[in-house]
Amino acid sequence: MLVVGQKEEEEGKVSVRSRYLGDEGMKDLNEFIDAICREIRTKEIRKIEVTE
Amino acid sequence: MKITLKDGSVKEYAEAMRIIDIAKDISEGLARNACAAELDGKVVDLRTVVDGEHALNILTFNDEAGKAAYRHTTSHVLAQAVKRLYPEAKLAIGPSIDTGFYYDFDCPPFDREALDALEKEMKKIIKEGEELEYFTMPREEAIKFMEEKEEPYKVELIKDLPEDSVISFYRQGDFTDLCAGPHLMSTKGIKAIKLISSSGAYWRGNEKNKMLTRVYGTAYTKNADLDAYLEHLEDIKKRDHNKLGREMELFATVDVIGQGLPLLMPKGAKIIQTMQRWIEDEEEKRGYMRTKTPLMAKKDLYVISDHWNHYKEGMFVLGDENDPNAEVFALRPMTCPFQYYVYKQSQKSYRDLPCRYGETSTLFRNEDSGEMHGLTRVRQFTISEGHLVVTPEQIEEEFYGCVDLAKYCLTTLGLQDDVTYRLSKWDPNNKEKYLGDAEQWDKTQQRMREILTHLGIDFTEEEGEAAFYGPKLDIQAKNVYGKEDTMITIQLDFALAERFDMFYIDANGEKKRPFIIHRTSIGCYERTLAWLIEKYAGQFPTWLCPEQVRVLPISEKYNDYAQKVKAALSENGILATTDERSEKIG
Ligand SMILES: [Zn+2]
Ligand SMILES: [Zn+2]
């Protein structure tokens, strides 16, 4: 899940909440895209490390 | 008398003794926990009187056979409770099973309230702590005994036994059951019990017989173990694909469409599409050629393939078979003969082989509607099917390639540790069910055995599970309830190339019969989806998620930016949505 508000819009960022790590903090949108594209391409099976 | 125990120690006694008394002599604790025993490798009752020289192992709940005796005794307690509360109920059978026990009764079904009442009565019986008493009767007398008790199912069971049999019974207080044992010494040995559910089951598992009421239960020696098992059952229920898959809107079934004909909803269809694209690309990398062949054919095709003889009741037949002027078709139950005709479109030389054909193939199988279940027992499904036409010299390498592809698919999905391998052989006592002769079968089975051993694969062997045209490697997985299903199969076929007159020209210019390998990469997609739902409890790996990213603006003001982010994600092939509810995110 990507949460976006004023700060994110101004800086071209997104706040990442994943089911694997929970709150991952603000990230550059392009960096996020690179990371998730790699995860999809390599068909990674990530461990869920948080319980929400 | 001389007894050698499992730890190698030796006990000597002056006279013959019951095993339970030997256990007491060893230790009171052991006697308390004893459930059954192993005498010279054979499971026996604790009441067995031993004399002479023997190897003895006292079994407790921690041994499989001990656990089975413990739970089987609990099933007798259940039957006793049922007879007390429902004297009209007739007793059928009540064995122990992997997860506990069941007992079948001829009586109306039980609801939860009735099960709770039975459970209470069982606890009372356990508290009464009656000894179980073993006795025997000649067959005729035993039949009379059960006739007098008005237990027709027991009478039928006894009548199935040979004339000269001695029939054994166990009695506890007011209850007697026909039983071979072994059993605990007394009902007070039972500690933690739970009746799980009640469902219908046919007498002797035959749908032509009466539907009985089956009660499932389980029993443990410790409350904590029972609680852990019940918690595990709750977790299973949450994962059950037939429940969770519907809740997640991955699939649905509709009465007016039919049983075993699930609708894949947008999210479920997306997951299957992702898998199909992946498998098709992977097969292409491994030298497969794609075909797209008809979903039905004239009856004539199935006559040649012998499906008409061996599998007709499993096919949907279109047209009136009894009208000599009608064209009769059947929906295909497999793709094999279609791909054989792809092969036969031109003459092949040994240099053209192996020919690896793959097809994302929709198939139809007419199974009993009572058997239909979620995405795993269906009448129409789509499978990553394929046939390899190979020379005899290529069998090992190509078979290896198929196993390697299957293992790659399982590993990518994270399922590699959840499967077992089974070599499915023919049934030599039922030869007319199969094509080919004993020599062909033995030779091919031996060849598969060697390949599997060479690959370092641990496998079991099972008679009577082969296809009618050859033996197969079945890759088996269990669903959340522990029920085993075949996910992937790789079959070696020595028969059908001849029936379809397929050949290739060898290096000497001579016509030769090829072998055919029938195989799937990941099996049928619906079933794989069911398996993934249960494996991941619906939390799929990102690459399989129908929704990979959700963008959430913290207020309406940022909807435009959220749309921009979503567009950038979609542009990169990421499955994204926005969630523009106006409420604030905390
Ligand atoms: Zn019994
Ligand atoms: Zn086939």
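The buried residues of α5(B) pack against β11 (133-138), α6 (152-159), β12 (166-172) and β13 (175-178) of chain B. Buried means under 20% relative accessible area, exposed over 50%, and partly exposed in between (1.4 Å probe, protein chains only). Helices (H or I, at least four residues) and strands (E, at least two) are DSSP runs, numbered from the N terminus.

This is a predicted model: local features need pLDDT of at least 70, side-chain atom pairs count only at pLDDT 80 or more, and totals for chains, interfaces and linings use all residues. Residues are numbered from 1 along each chain as its sequence is written, chains are lettered from A and ligands numbered from 1 in the order in which they are written, and side-chain values use heavy atoms, with hydrogens and water left out.

Look again at helix α5 (residues 139-148) of chain B. Its buried residues are B:Arg139, B:Ala142, B:Ile143, B:Phe145 and B:Met146. They lie on the same side of α5(B), because they cover an arc of only 160° around the axis. The face turned away from that buried side carries exposed B:Glu140, B:Lys144 and B:Glu148. Just after the helix, B:Glu150 takes a positive phi of about 55°.

Now turn to the zinc ion (ligand 2). Its ligands in chain B are B:Cys336 (SG), B:His387 (NE2) and B:His518 (ND1), at 2.0 to 2.2 Å. Donors are N, O and S atoms within 2.8 Å of the metal (3.2 Å for Na, K and Ca); water is not among the atoms, so sites may look incomplete. The donor residues are spaced C-x50-H-x130-H in sequence. B:Cys336 lies in helix α12 (residues 336-343) of chain B and B:His518 in strand β31 (residues 515-524) of chain B, so the pair ties together parts that are 182 residues apart in sequence. B:Cys336 is buried, with a relative accessible area of 1%. B:His518 is buried too, at 4%.

B:Val256 sits in the loop between β16 (251-252) and β17 (263-264) of chain B. This valine is exposed, with a relative accessible area of 77%.

Along the sequence they follow the pattern β-α-β-β-α. The C-alpha trace of chain A spans about 35 × 25 × 10 Å along its principal axes. Of the 52 residues of chain A, 37% count as buried.

Key. Arc of directions from axis to C-beta. Contact = heavy atoms within 4.5 Å.
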